[in-house]
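Student: I would like to learn how to read a model like this one. Please start with the general idea each time, then show me the case.

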Amino acid sequence: MPIKCQLQLRLVETTHNLLENMAGPIPFQCLDEKFGIKLPTWALQSNDSKQDVGVTKAVFKTFMNMGSLMENDGIPQYWDSGKLENFENIVYRQISENICNLGVSAQEDEDGFAQRDAALKHYFQKLAALLKEKVWALLKKNFYCTYKSISSRMSRYMRFNLTLYFCSQEFSDCAWERVRHELLRVLQVILLENNV
């Protein structure tokens, strides 16, 4: 039986491995995209035992944010759905088993949770905005491509081939790949800070 209110590092490691292996490396067409989102690693690190409570709460909130991100639509179809489901289940398990960490109290100025929480919240908001922006760009592109294929005076064969060529790229896949790799970085920091 799992111990409540204690991060199970074995599960964090499993989560990392599932996320890493649910798809291959970043697709070639996504390598040129720049996202400019920087992980506030300090928010998941502790300098002394007084800050451990703040870090524990920050890790818990990180799992909550991960769960929220993965609830979005548009996850690439080529991701392994079984690994994705296992990943989500473990994230939700970590949340449900560690919700009591938010009730742990310490001096606010000692654990630094408010600053950690604000930095992580900003980071995850940027990731969510990236997904929304890329999905919106994909919808606009698909509308444009459909309009162009209908209004064009080209032969039917040529319209189909050009539409297929220009409109087959899924911009949201690149955003999801970036989010996946950012979440891998987050899990790596958690594992490194806990000497795994």
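Student: How many residues does the chain have, and what share of them count as buried?

Tutor: Buried means under 20% relative accessible area, exposed means over 50%, and partly exposed is in between, with a 1.4 Å probe and protein chains only. Of the 196 residues in the chain, 39% are buried. This is a predicted model, in which local features need pLDDT of at least 70 and side-chain atom pairs count only at pLDDT 80 or more, while totals for chains, interfaces and linings use all residues. Residues are numbered from 1 along each chain as its sequence is written, and side-chain values use heavy atoms, with hydrogens and water left out.

Student: Which elements make up the chain?

Tutor: Helices (H or I, at least four residues) and strands (E, at least two) are DSSP runs, numbered from the N terminus. Here there are seven helices and zero strands.

Student: What is the span of helix α3?

Tutor: The expected span of a helix is 1.5 Å times one less than its number of residues. Helix α3, residues 81–98, has 18 residues and reaches 26 Å from first to last C-alpha, close to the 26 Å expected. Its buried residues include Leu84, Phe87, Ile90 and Val91. At the start of α3, a side-chain oxygen of aspartate 80 comes to within 2.9 Å of the backbone nitrogen of glycine 82.

Student: How is an aromatic pair described?

Tutor: The distance of the centres and the angle of the planes describe it. Rings of Phe, Tyr and Trp (its six-membered ring) pair if their centres lie within 6.5 Å; planes under 30 degrees apart are stacked, over 60 edge-to-face, and the rest tilted. By this rule there are two aromatic pairs. In one, the rings of tryptophan 79 and tryptophan 176 have centres 5.9 Å apart and planes at 80°, so the pair is edge-to-face. Tryptophan 79 lies in the loop between α2 (52–70) and α3, and tryptophan 176 in helix α7, so the pair ties together parts 97 residues apart in sequence. Both tryptophan 79 and tryptophan 176 are buried. Tyrosine 123 and phenylalanine 124 also form an edge-to-face pair, 5.2 Å centre to centre with 80° between the planes.

Student: Where in the chain do glutamate 177 and arginine 180 lie?

Tutor: An α-helix has 3.6 residues a turn, so residues three or four places apart point the same way. Glutamate 177 and arginine 180 both lie in helix α7, three residues apart, about one turn of the helix. Their salt bridge has its closest N and O atoms 2.8 Å apart. Arginine 180 counts as buried because its relative accessibility is 1%.

Student: Which residues is arginine 180 in contact with?

Tutor: Contact means heavy atoms within 4.5 Å. Leaving aside neighbours within four places in sequence, the contacts of arginine 180 include Leu19, Glu20, Met22 and Trp79.

Technical notes: Polar contact = N/O pair within 3.5 Å; in protein donor to acceptor, adjacent residues only side chain to side chain. Salt bridge = Lys/Arg side-chain N within 4 Å of Asp/Glu carboxyl O.
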